[in-house]
Amino acid sequence: MRRRWLRYSPAVFALGVTVSVLSVVGTSNASSAPNAPHPSVHKPTVTQEPITRNGSVTLNQLAAAPASARGQGGPELAPTHELAKGEVGLTPAAKLPPPTATPTRVVVNLARQGFSGLDHADQRLAGGGNQFSLEPPDQGLCVGVSAGTKHVVESVNDALQVFDAQGNLETPPVTLSAFFGLAPTFNRTTNRFGPFVSDPKCYFDPGTKRWFHTALILGQDPKTGALTQHAFTVLAVSQSSDPLGTYFLYRINALDLNHPNCPCFGDQPLIGADANGFYVSTAEYELLPDFGAHFNGPQLYALNKQALEAGTAGRVIHYANLTTQSGTLQPATSPGGQYAT
């Protein structure tokens, strides 16, 4: 990854591997002997990390504010935290049988039509214009039902908007900085830089009817915009099924000082969930001094879903040293709300 207005490094687009959550940490090599270990399989390390709750935000109140006010408030730089150590004893996940695939006929329904979502002007002018022009959009998209009404939530670099099922606007574009309680990425009145925000994702949990949003945060020097030694994965979890309501805000420290070629950050958070947990996977790259030059494999964070929804989450289980052969691990989701027992 390069800073988003410069474009991605090709290294970020390494082969992604979809896995059942917490069940697979490596793949076998078809050319190897049957029982030979794959060179990408490591001995995973498991630690407990703190998760910080940073207040809350109410989306409909934020959306109702004047555009110039939506991009204000919040810290320019998040405080630095050392990674928590302390091994924790966990029972390894049981091996799951290989999935079975059933062919399904593709049906073309010409009655379905799309609608215009967030475009470049929407995100660039959100928050009074205190934004950069960013590529690629890294779209997050999720759909859910609240009080019988279907909502579509779209997030891109670097704005968020809510639509109804017909594509009608329920909010104006809101900056991700404001949504996550941060200062503008660049305040064009004061010429000061705030945290750099990127890689939004969203998920509606069908079991608990809650909305989850995540993003990557990197610190920037307020005067120069140079990257600083700060890296976080931020989460917003709704307190009800209403996507326009109030969200708990959380932050996981994703700064790694101890892996090779670090300090490092967690690129492109990918999310998933099952009946009990919410999972975030990041791809760890060098942060400083040579941004994105070295890759340390995916980092997997397992969180208690019910605790997040109650505003009480205090610890995260962090899996590291999984593999260096894949840029990401994609946690699984169950949109129908049916989970393996």
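These legends accompany a set of close-up views of a predicted model.

**View 1. The whole chain, before we zoom in.** In this predicted model, the protein chain has 5 helices and 17 strands. Of its 341 residues, 50% are buried. Among contacts with a separation of 6 or more, 65% join residues 24 or more positions apart. The accessible surface of the chain comes to about 16,000 Å², and carbon and sulfur atoms account for 55% of that area.

**View 2. The salt bridge between D205 and K305.** Searching the whole structure turns up 1 salt bridge. Its partners are D205 and K305, whose closest N and O atoms are 3.0 Å apart.

**View 3. An open sheet of four strands.** Here 4 strands line up in the order β3-β4-β5-β6 to form an open sheet, and their pairing is antiparallel. Which strands lie at the edges? They are β3 (140–146) and β6 (174–175), each of which pairs on one side only. At the β6 end, strand β5 (residues 159–164) is joined to β6 by 2 bridges. Look for L160, whose bridge partner in β6 is V174. As a reminder, strands of a sheet pair through backbone hydrogen bonds, either parallel or antiparallel.

**View 4. E154, a buried acidic side chain without a salt bridge.** E154 sits in strand β4 (residues 149–156), one of the strands of the open sheet in the previous view. Although E154 is buried, it has no salt bridge: K201, the nearest side chain of opposite charge, is 12 Å away. What does the side chain of E154 reach at 2.8 Å? That is the backbone nitrogen of L118. Setting aside neighbours within four places in sequence, the contacts of E154 include G117 and L118, as well as Q139, G140 and L141. E154 also touches A159, L160, Q161 and F163; of these, L160 is the residue that has V174 as its bridge partner in β6.

**View 5. Q131, a loop residue with a polar side chain.** Q131 belongs to the loop between α3 (120–125) and β3. Because its relative accessibility is 1%, Q131 counts as buried. The side chain of Q131 reaches the backbone oxygen of D158 at 2.7 Å, and a polar atom of the Q131 side chain lies 3.1 Å from the backbone oxygen of Q123. Beyond residues up to four places away in sequence, Q131 touches Q123, R124 and A126, along with D158 and T175. T185, F186 and R188 are also among the residues that Q131 touches.

**View 6. Strand β2 and two of its partners.** Strand β2 (residues 45–58) pairs with strand β16 (residues 315–320) in the antiparallel sense, over 6 bridges. Within this pairing, P50 stands opposite R315 in β16. Strand β2 also runs antiparallel to strand β12 (residues 246–253), and 6 bridges join the two. Which residue of β12 stands opposite V57? It is Y247. When you follow the side chains here, keep in mind that in a regular strand they alternate between the two faces of the sheet.

Notes: Residues numbered from 1 in each chain as written. Predicted model: local features only at pLDDT ≥ 70, side-chain atom pairs only at ≥ 80, totals over all residues. Heavy atoms only, no water. Buried < 20%, exposed > 50% of the residue type's maximum accessible area, 1.4 Å probe, protein only. Contact = heavy atoms within 4.5 Å. Areas by Shrake-Rupley, 256 points an atom, 1.4 Å probe, with all protein chains shown as cover. Salt bridge = Lys/Arg side-chain N within 4 Å of Asp/Glu carboxyl O. Pairing = 2+ DSSP bridges. Polar contact = N/O pair within 3.5 Å; in protein donor to acceptor, adjacent residues only side chain to side chain. Lys, Arg positive; Asp, Glu negative; His and termini not counted.
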